[in-house]
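Visitor: May we examine a structure together, one question at a time?

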Amino acid sequence: MNQKLEFAQRLKDAMTAVGLEARPAVLLSLFNSRYWGRSVSFQAVSRWLRGEAIPEQDKLVTLAEALSVEPEVLRFGHALRRTVQEDRARWSVGVGYLERETFAAFLSLPAPQRKVVREVILAFAKAYASPAPAEDAGSADGAGR
């Protein structure tokens, strides 16, 4: 499924969750009564619900507030939010003072030096990574004949 269709489904689900019918006229009325900018058209709202378009960020925020859902969840879904939360938790637990000090020093470097440091770190990571399991060494080099 593409992003627009997935967004449309999340929008319909959010409308249903707050007791609204997932119809363009309902969404149009709800949205235009809360949006501080220029009103949107019936066609624009219809395109959101059909999965033909995704609203701009300011409109997305208004939709999310009106439907009592977080903007990032409405736009990208719960899976992305869980991934971000897991990454944050991993960084807050696994990163101590020395690592934070190192990151700060890294970020203060000019871009060309950061690139060199990155390449060195990736080379070390590759060298110390656990080796991938060999498939069948005998058949790969022809020695198994």
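Visitor: Leaving aside its neighbours within four places in sequence, with which residues is Arg10 in contact?

Guide: The model is a predicted one. Arg10 lies in helix α1, which covers residues 3–17. Leaving aside neighbours within four places in sequence, the contacts of Arg10 are Gln3, Val73, Leu74, Arg75, Phe76 and Gly77.

Visitor: Which side chain of opposite charge is nearest to Arg10, and how far away is it?

Guide: Arg10 is buried, yet it has no salt bridge. A salt bridge requires a side-chain nitrogen of Lys or Arg within 4 Å of a carboxyl oxygen of Asp or Glu. The nearest side chain of opposite charge lies 4.4 Å away and belongs to Glu6.

Visitor: How far from a polar atom of the side chain of Arg10 does the backbone oxygen of Arg75 lie?

Guide: Arg75 is among the residues in contact with Arg10. The distance from the backbone oxygen of Arg75 to a polar atom of the Arg10 side chain is 2.4 Å.

Visitor: Does Trp36 count as buried or exposed?

Guide: The rings of Tyr35 and Trp36 form a tilted pair, with centres 5.5 Å apart and planes at 35°. Tyr35 has 10% relative accessibility and therefore counts as buried. Trp36 has 71% relative accessibility and therefore counts as exposed.

Conventions. Residues are numbered from 1 along each chain as its sequence is written. This is a predicted model: local features need pLDDT of at least 70, side-chain atom pairs count only at pLDDT 80 or more; totals for chains, interfaces and linings use all residues. Side-chain values use heavy atoms; hydrogens and water are left out. Buried means under 20% relative accessible area, exposed over 50%, partly exposed in between (1.4 Å probe, protein chains only). Rings of Phe, Tyr and Trp (its six-membered ring) pair if their centres lie within 6.5 Å; planes under 30 degrees apart count as stacked, over 60 as edge-to-face and the rest as tilted. Helices (H or I, at least four residues) and strands (E, at least two) are DSSP runs, numbered from the N terminus. Lys and Arg count as positive and Asp and Glu as negative; His and the chain ends are not counted. A polar contact is a pair of N or O atoms within 3.5 Å; within protein, one must be able to donate a hydrogen and the other to accept it, and residues adjacent in sequence count only if both atoms are side-chain atoms. Contact means heavy atoms within 4.5 Å.
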